[in-house]
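Q: Can you walk me through this one? I'd like to start with how the chains meet.

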Number of protein chains: 2
Amino acid sequence: MIEPKSMGFWKKLFSPSKTKRRSQAIPFQGELVDQNIYCAQGKQILFSTEREIDVYELEELCDRVGWARRPVHKVRKALKFSFLVVCMWEVWGSRRRLVGFARATSDHAFNATIWDVVVDPLYQKKGLGRAMMQFMIKKLRKEDISNITLFADPHVINFYENLGFILDPEGIKGMFFYDS
Amino acid sequence: MIEPKSMGFWKKLFSPSKTKRRSQAIPFQGELVDQNIYCAQGKQILFSTEREIDVYELEELCDRVGWARRPVHKVRKALKFSFLVVCMWEVWGSRRRLVGFARATSDHAFNATIWDVVVDPLYQKKGLGRAMMQFMIKKLRKEDISNITLFADPHVINFYENLGFILDPEGIKGMFFYDS
């Protein structure tokens, strides 16, 4: 998960905006998170892999962790062309609210790279980020993707190591292109 | 570029096979590499971004650098779903032979990750790998991809640094998932 403190690198087009809490009244099918992890005040946490989500709701979630605002048309395109989109929803009655998100690019065969892992600050430290990533890894494995990768900020390396990710295996290093 | 010495991590399904040099008689349009870099014995080096290439010719190129043999149906799928496929061809008359290759996955909006960078050993150390990567970066930039990433073996980190890639910016680390 990427949090505000170390967003300097990712934050290229930061434009803060007011946070407004949305909820949607949409008939919803998803996978229920383990009941032991989270279920309170008649609300449940569900995961889905639908990609036709409200882009503004996604950007509001990203705002809540201090991420840079991104052009909506590009976010929409990124959702369309991601291999896997995972949403974590807080659900009560027929309403739901986006409280977590992650997506992966892939060649649909060998490699996947996970991007934009975000959990609403109110839902952090409850094991939900871990559950969302486990859900995602299971989906990628089911698609026979053997190489699941990501780029982790320093303060979340531990989080990913606990999920089974390893750092720089055999000295293989993550690199980013910068225009000179 | 990934070479045999450090292939332990990548080589999950290694099955050595006999190398046979192919060439194709196909009318060909591509971009000519800088004449100063390479042009000898009536042969030229051209780049293309076509993805309908002979998968067996690609696998033979990978054999020549000692890579693991991969299931052809998966290679075909990976080519189809890569965002960008770059081939480097040796061309003479109406014939051509694959001497370099790279591809990138992407969300078509923000991020691209480069995979499978390979140059025929006979064509290494001539500036052609560099030219191929510059061609690739130019294409990705033209598509407005702002975040170009890759995972580099230790012995090619210098090669990528010279192209403008940087290592672990702000401590962001490449990580790979392993089943526990």
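**Across the interface**

Q: How many salt bridges are there between chain B and chain A?
A: The count is 6 salt bridges between chain B and chain A. Keep in mind that this is a predicted model.

Q: Give me one of those. Which residue of chain A does Lys74(B) pair with?
A: Lys74(B) forms a salt bridge with Asp144(A). Their closest N and O atoms are 3.2 Å apart.

Q: How much area do the two chains bury?
A: About 5,100 Å² between them, with 61% of it on carbon and sulfur atoms. Ile172(B), Met175(B) and Phe177(B) supply 17% of the area that chain B buries against chain A, more than any other three residues.

Q: How many residues does each chain put into the contact?
A: Chain B gives 55 residues and chain A gives 55 residues. For chain B, 100% of the interface residues are also interface residues in chain A, so the copies meet through the same surface.

Q: What rotation superposes chain B on chain A?
A: A rotation of 180°, with 0.0 Å of shift along its axis and an RMSD of 0.0 Å. The two copies are thus related as by a two-fold rotation axis.

Q: Which residue of chain B comes closest to that axis?
A: Gly174(B), with its C-alpha at 2.1 Å.

Q: Let's zoom in on Lys77(B). What does it touch in chain A?
A: Lys77(B) sits in helix H2 of chain B. It touches Asp107(A), His108(A) and Ala109(A). Its side chain reaches the backbone oxygen of His108(A) at 3.4 Å.

Q: Why does Lys77(B) count as partly exposed?
A: Its relative accessibility is 36%.

Q: What about Glu59(B) and Arg70(B)?
A: Their side chains meet in a salt bridge at 3.1 Å, N to O. Glu59(B) lies in helix H1 and Arg70(B) in the loop between H1 and H2, so the pair ties together parts that are 11 residues apart in sequence.

Q: Last one, strand E5 of chain B. How many of its residues are buried?
A: 8 of its 9 residues are buried.

Q: Which way does E5(B) run against E4 and E6 of chain B?
A: E4 and E5(B) run antiparallel, joined by 5 bridges. E5(B) and E6 also pair in the antiparallel sense, over 9 bridges.

Q: What's in the turn between E5(B) and E6(B)?
A: The two strands form a hairpin with 2 residues between them. Gly93(B) in the turn has a positive phi of about 55°.

Notes:
Residues numbered from 1 in each chain as written. Chains lettered and ligands numbered in written order. Predicted model: local features only at pLDDT ≥ 70, side-chain atom pairs only at ≥ 80, totals over all residues. Heavy atoms only, no water. Buried < 20%, exposed > 50% of the residue type's maximum accessible area, 1.4 Å probe, protein only. Helix = DSSP H or I, 4+ residues; strand = E, 2+ residues; numbered from the N terminus. Pairing = 2+ DSSP bridges. Least-squares fit on C-alpha atoms with pLDDT ≥ 70 in both. Contact = heavy atoms within 4.5 Å. Buried area = accessible area lost by both parts, 1.4 Å probe. Salt bridge = Lys/Arg side-chain N within 4 Å of Asp/Glu carboxyl O. Polar contact = N/O pair within 3.5 Å; in protein donor to acceptor, adjacent residues only side chain to side chain. Lists of a residue's contacts leave out its neighbours within four places in sequence.
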